[in-house]
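Reader: I've got a few "how do you know that" questions about this one. Can we go through them together?
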Amino acid sequence: MNAPIDVSLFARNAKPLTSYRPYWAKRFGTAPFLPMSRAEMDALGWDSCDIIIVTGDAYVDHPSFGMAVIGRVLESQGFRVGIIAQPDWQSAEAFKALGKPNLFWGVTAGNMDSMINRYTADRKIRSDDAYTPGDVGGKRPDRAAIVYSQRCREAYKDVPIVLGGIEGSLRRIAHYDYWSDKVRRSVVVDSKCDLLLYGNAERALVEVAHRLAAREPIECITDVRGTAFVRRPGDPSAEGWFEIDSSEVDQPGPVDAHINPYQTTSEQAQSQGGSCAKDEAPASMAAPQGAAIQPLNFVPNPALQGKAKRPPRDRSVIRLPSYEQVKSDPVLYAHANRVLHVEANPGNARALVQAHGDGATARDVWINPPPIPLTTAEMDHVFDLPYARSPHPAYADANGRHDGETKIPAWEMIRFSVNIMRGCFGGCTFCSITEHEGRIIQSRSQASILKEVEEIRDKVEGFTGVISDLGGPTANMYRLGCASPQIEAACRKPSCVYPGICSNLTTDHGPLVRIYRRARALPGIKKILIGSGLRYDLAIKSPEYVKELVQHHVGGYLKIAPEHTESGPLSKMMKPGIGSYDRFKQMFEKYSEEAGKKQFLIPYFIAAHPGTSDEDMMNLALWLKKNGFRADQVQTFYPSPMATATAMYHSGLNPLKGIHRDERGERVDIVRGEKRRRLHKAFLRYHDPNNWPLLREALKALGRADLIGNGKHHLIPSFQPVTDGAYQSARRKNSTPAGRAPAAPATPTKGRLLTQHTGLPPRAGTGAARRPKPR
């Protein structure tokens with residue numbers, strides 16, 4: 001079933017992006033690139049910018065880069081938009097390069113959270129940055145959203161600051177900060193921005209820009225969905241809201257037995273082991289003469305008085321535990337995190353409020369309900385804007401090229417790819433996609449997608465006929481959604497596919513299959529590869545899709561992410577069991593064999609995720625060895641702000657099961673400390689001799705010394721070769737010791753175990769896998 005109507009129920013109350021009257025500066029036309037200097041502004045005939053976007057990424061004018069999307073959307077509304085990319089944050093001078101913006105600053109840390117961009121999961125600083133020319137690290141500060149906002153305020157203190165991007169989205173309430181190991185305040189408070197836009201912000205930003213252009217004060221813009229801002233207690237603008245107090249977790253006390261109204265006083269006393277006879281009762285218990293028996297008074301239960309008397313949802317605000325409470329109480333932190341995720345559906349979410357400070361410094365952070373998803377027509381509008389599809393000329397070398405020393409790896413990765421949708425209803429607890437983009441799938445039309453493929457073919461330099469990806473956050477959620485818009489608007493489940501696929505979810509991959517076939521049939525297109533992550537539990541519902549994918553869109557290997565094999569960690573991740581992987585693997589191998597192709601599945605796994613025991617990792621290592629995998633790239637759990645798994649990591653509780661202070665609250669095994677995290681990574685890299693001493697010690701402690709030996713059934717050998725203690729990775733240069741280069745990929749010899757990256761057959765220039773020579 002094709003379900004393009006999945007946003008119609010939401011969109012009825014949303015003003016279309018293209019319905020606004022363009023701003024007067026529309027007469028200047030479209031810029032080839034949004035200007036980064038006064039000279040470029042002069043060439044365009046501009047005396048000033050209406051909006052200046054400050055970003056932590058290099059400016060690449062491509063729809064996969066947030067600053068380009070926001071800039072082009074605002075330009076289409078008639079505003080003059082300038083870009084200040086990766087400025088020197090040591091002073092405010094770099095922020096004055098384009099002059100004073102007429103309307104507001106738009107601030108973003110970039111496509112990635114700046115802390116995740118700058119630090120590894122082990123809190124070690126990275127030496128590279130894929131969003132910087134030359135892959136050079138150190139071009140952005142820690143917590144860039146806060147630093148950039150401060151510098152913008154210093155440069156022109158009376159210009160409003162509108163903060164956005166994923167860093168702002170994931171820090172909109174008080175949040176656990178993995179790098180400082182403490183709970184930090186909302187980024188709205190720390191950055192002192194005037195307005196925070198979270199999620200995909202095109203709809204909110206266009207409305208805010210036009211209202212500011214109409215000279216409406218930014219402090220009066222408090223009714224836009226997808227925004228957060230600060231209110232002082234007693235602010236008149238907060239009048240008329242019904243506040244629901246959810247600042248505490250109920251703790252049950254002793255429960256008194258209900259009185260049976262049909263028992264006499266004597267019978268009641270006897271049931272309690274006493275007596276009400278006058279001569280047996282103590283004098284102190286004797287009722288005074290003339291005392292009347294008080295009748296029972298029955299009052300109506302307020303919870304059962306009918307929905308008609310309940311306050312309207314759009315005027316209700318939930319009071320979360322304050323910053324001071326969640327900072328000192330992990331149980332309340334987990335509770336606040338659960339409420340935030342429950343109130344995430346645009347169809348039924350209520351506003352949230354969280355207090356920060358007390359006394360003279362007291363203020364409330366208000367978070368309006370999530371933004372209304374874009375319709376297909378609006379998605380087409382956003383992606384059909386005149387992107388140059390290349391980095392800004394300022395980054396080019398002497399020959400005008402963007403390779404070699406000036407190459408931007410993130411652009412190279414998506415240079416020949418097409419984003420066909422947004423959102424993800426998977427709800428994986430370690431992932432931030434749902435928190436940022438939402439779980440309502442927003443899909444482009446076939447015509448818009450095919451038009452972009454043709455533009456890549458005709459306009460992008462270096463195109464060889466291979467589209468590297470037709471995908472999005474998840475490769476195979478295009479046009480999937482709830483069969484009923486009414487049910488979708490009312491649903492409060494965190495995932496549509498866990499613990500099983502919802503019966504209301506459409507799983508028809510037909511529209512996606514048609515897109516694949518039409519795209520690969522275009523003249524000049526040699527191959528369409530799928531590089532986005534695949535949800536294989538959905539894929540197995542459509543054998544036609546799996547066959548199309550495997551026989552025409554796999555370039556030698558396909559990446560999928562079962563993440564683990566054991567039910568304990570999988571239940572904390574909200575991921576399907578390994579049985580779904582096995583069924584997909586059977587289909588993958590069947591259709592590969594039918595096509596006469598030798599292709600490989602590349603499963604990815606997470607080490608040290610909350611809920612993972614040492615025994616779980618041991619069993620995963622045994623599964624890897626049994627199936628012939630050696631993981632070169634090891635992904636360790638990285639607690640990103642606001643993720644459900646991060647709440648588990650900080651509190652030791654499982655928010656998926658509800659939060660309680662007594663034994664009803666589910667405790668979660670948390671992998672803390674460098675040694676235990678190293679052990680879990682070592683199990684994934686069981687084949688590395690550097691890890692064998694640590695694994696031997698762990699296996700003995702687990703009572704599994706029988707897995708140590710030199711036979712095929714053993715996990716690790718009993719002997720220990722001389723090692724240098726180094727860890728070499730195929731792709732991350734900063735994990736390779738200085739002075740040593742990673743080993744070059746080689747064609748696997750007979751009997752050699754395949755690895756995730758280096759052990760696979762080398763790929764030819766077109767991206768297709770070269771078949772091993774017959775032996």
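Predicted model: local features only at pLDDT ≥ 70, side-chain atom pairs only at ≥ 80, totals over all residues.

Reader: What makes strand 12 and strand 13 a pair?

Author: Pairing takes at least two bridges. Strand 12 (residues 351-356) and strand 13 are joined by five, and they run antiparallel, so they qualify. Ala355, for one, stands opposite Asp364 in strand 13.

Reader: How do you know that strand 9 pairs with strand 13, and in which sense?

Author: Same test: at least two bridges are needed. Strand 9 (residues 227-231) has four with strand 13, in the antiparallel sense. One of the partners in strand 13 is Val365, which bridges to Val230.

Reader: Why is strand 13 called mostly covered?

Author: Buried means under 20% relative accessible area, and five of the five residues in strand 13 (residues 363-367) are buried. In a regular strand, side chains alternate between the two faces of the sheet.

Reader: Why is Val60 called buried?

Author: Because its relative accessibility is 0%, and the cut-off is under 20%. Val60 belongs to strand 2 (residues 60-61).

Reader: What does Val60 touch, leaving out residues up to four places away in sequence?

Author: Phe65, Met67, Ala68, Ser390, Pro391, Ile408 and Trp411. Trp411 is 351 residues from Val60 along the chain, yet their C-alpha atoms are separated by 7.2 Å.

Terms used: Residues numbered from 1 in each chain as written. Heavy atoms only, no water. Buried < 20%, exposed > 50% of the residue type's maximum accessible area, 1.4 Å probe, protein only. Helix = DSSP H or I, 4+ residues; strand = E, 2+ residues; numbered from the N terminus. Contact = heavy atoms within 4.5 Å.
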